[in-house]
Amino acid sequence: MSSEVTTPGAVAASLGKKNWSNICLIGGVIFLLVAIFGAVSGAMDHNARPAYGLLIMFTFYLSIGLGMLLLNLIHHVFGAGWSTVPRRQVEHATSIFPVLAGVFAVFLIMTYFIDNGLIWKWIDFEKVKDDVLYTKKSWYLNDARFLIGVIVCFGGWIFLSHKMRSYSAAQDKDGDVKWTNKLVWWSAVGVIFTALTLSMAAIDWIKSIEFHWFSTMFGVWFFAASMRAALAVTALVCLYQVYKNGPLTGLFKRGHLYDLGCLMLAFTVFWAYISFSQYFLIYNANIPEETFWYNMREQGAWWWVSMGLIFGHFLFTFIYLLFYGNKVKASRMIFISVWILCFHMLDLYFNILPSKRENYEMFISYPFYISLWDIAAFLGIGGLCAWSFMRSWAKTQVIPVKDPRISESLHHHGR
């Protein structure tokens, strides 16, 4: 990676992304339509598995978008200097929320027009009205509050990410200090809003699939998982733009990569701490309303998935990122970033899929496997998210050229 600083302001048209943008858009639409066809046809046959594949992939990209939004907000709140160069890539990644809102509308249509209990069993009121655990939670788990939550989450994320990108682009034109102040003010408000809505989304859209279960740490787990995924994607996107003298060559340096690696290590430990704490508290309390959630994940292939998360998602990643050389060499950071994203996907399968019981009374969950519908959903939503990213990317400078901290970031060398 070259350490020479090139002239900032290269318009992001140099990688031929216009063609890639069209390819991602067309491919994304085709694959997403295939995934939606599978989910809807499955719903009409009361088979929820294709819809759950779509939900897992939706959650995968949602976690990356929310992690990126939080990274951007935290950057401004703390007045960070080193992260100013990679910040623009993080901003572009927050443009995916309208795409994700469109995908989520499919879940609402399937739920309210085809099968009420397809994804969230508690929405099928006739089947749960005599369930004592539902009646105790019905003040929160009800249609009106659920739909208001969807509007607040997506409305707030789209508005906030648009504001942040607009002010950042305006700062590029005149460098007026008022844009910096607006970015800090909206970040201070936005970081609280995003933290609360992220937790609410995790509880509403993932945890409430198994509405009998109790956990006070689920929102924090989703936050830690989202931050890990967002950091991995940030490293991959920045390294891609350094590849073959791309627009970030000479701007994104070893120090930036090292700091991203350090944050990935920190959130690896935090994710493990939250995941283990949730398990440890439930194990010690030994209450049937809580332990069944883990008992179901000790059956069949789910046992090996849980071992993979312990040793692959935590232990290997933790040891790997302890070494300085692994955090400053591009090829090694690409490897561990892809590794983290693969295990993040596995983590989402582990948390989402077993919650849908194949046999409800016998506590038999869906088995672990990756279907063709899952792959279609991954490519479809991913293609549209990539298209949204490139569309935002083409409208701005490659780095925030008039940010007051850009010089500090351009001369950031780290260790």
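This is a predicted model: local features need pLDDT of at least 70, side-chain atom pairs count only at pLDDT 80 or more; totals for chains, interfaces and linings use all residues.
The protein chain contains 16 helices and two strands. Its C-alpha atoms fill a box of roughly 65 × 40 × 40 Å along the principal axes. For 415 residues, a compact globule would have a radius of gyration near 22 Å. The protein chain has 22 Å, so the value agrees with that of a compact globule. Buried residues account for 56% of the 415 residues. Contacts were also sorted by separation along the sequence. Among those with a separation of 6 or more, 82% join residues 24 or more positions apart.

Two packed helices are described by the angle between their axes and the distance between the axes. Helix 2 covers residues 49-77 and helix 9 covers residues 218-240. The two pack at an angle of about 80 degrees. Their axes lie 7 Å apart. Angles of 65 to 115 degrees count as roughly perpendicular, and helix 2 and helix 9 are therefore roughly perpendicular to each other. By class, their contact has 13 nonpolar residues, five polar residues and no charged residues. On the helix 2 side, the residues include Thr59, Ser63, Ile64, Leu66 and Gly67. Met68, Leu70, Leu71 and Ile74 also belong to helix 2 in this contact. Helix 9 contributes Phe222, Phe223, Ser226, Met227, Ala229, Ala230, Leu231, Val233 and Thr234.

Thr59 deserves a separate description. This residue of helix 2 has a relative accessible area of 3%, so Thr59 is buried. Leaving out residues up to four places away in sequence, Thr59 touches Ile206, Phe222, Leu348 and Ile352. Leu263 is 204 residues from Thr59 along the chain. The C-alpha atoms of Thr59 and Leu263 are separated by 22 Å.

His92 is located in helix 3, which spans residues 84-93. Its relative accessibility is 1%, so His92 counts as buried. The side chain of His92 makes a polar contact with the side chain of Ser392, at 2.8 Å.

Val152 belongs to helix 7, residues 143-174. With 35% relative accessibility, Val152 counts as partly exposed. Beyond its neighbours within four places in sequence, Val152 is in contact with Phe193 and Thr197. Val152 and Ile30 are 122 residues apart in sequence. From C-alpha to C-alpha, Val152 and Ile30 are 29 Å apart in space.

His46 lies in the loop between helix 1 (17-44) and helix 2. Its phi is near 60 degrees, a positive value in a residue other than glycine. The relative accessibility of His46 is 62%, so His46 counts as exposed. Asn286 sits in the loop between helix 10 (254-285) and helix 11 (288-296). Asn286 is not a glycine, yet has a positive phi of about 55 degrees. At 56% relative accessibility, Asn286 counts as exposed.

Notes:
Residues are numbered from 1 along each chain as its sequence is written. Side-chain values use heavy atoms; hydrogens and water are left out. Helices (H or I, at least four residues) and strands (E, at least two) are DSSP runs, numbered from the N terminus. Buried means under 20% relative accessible area, exposed over 50%, partly exposed in between (1.4 Å probe, protein chains only). A polar contact is a pair of N or O atoms within 3.5 Å; within protein, one must be able to donate a hydrogen and the other to accept it, and residues adjacent in sequence count only if both atoms are side-chain atoms. Axes are lines fitted to C-alpha atoms, for helices over the stretch in contact, and angles run from 0 to 180 degrees between N-to-C directions. Angles under 35 degrees count as roughly parallel, over 145 as roughly antiparallel, 65 to 115 as roughly perpendicular and the rest as oblique. Contact means heavy atoms within 4.5 Å. Ala, Val, Leu, Ile, Met, Phe, Trp, Tyr, Cys and Pro count as nonpolar, Asp, Glu, Lys and Arg as charged, and the others, Gly among them, as polar. The radius of gyration is taken over C-alpha atoms; the globule rule is 2.2 Å times the number of residues to the power 0.38.
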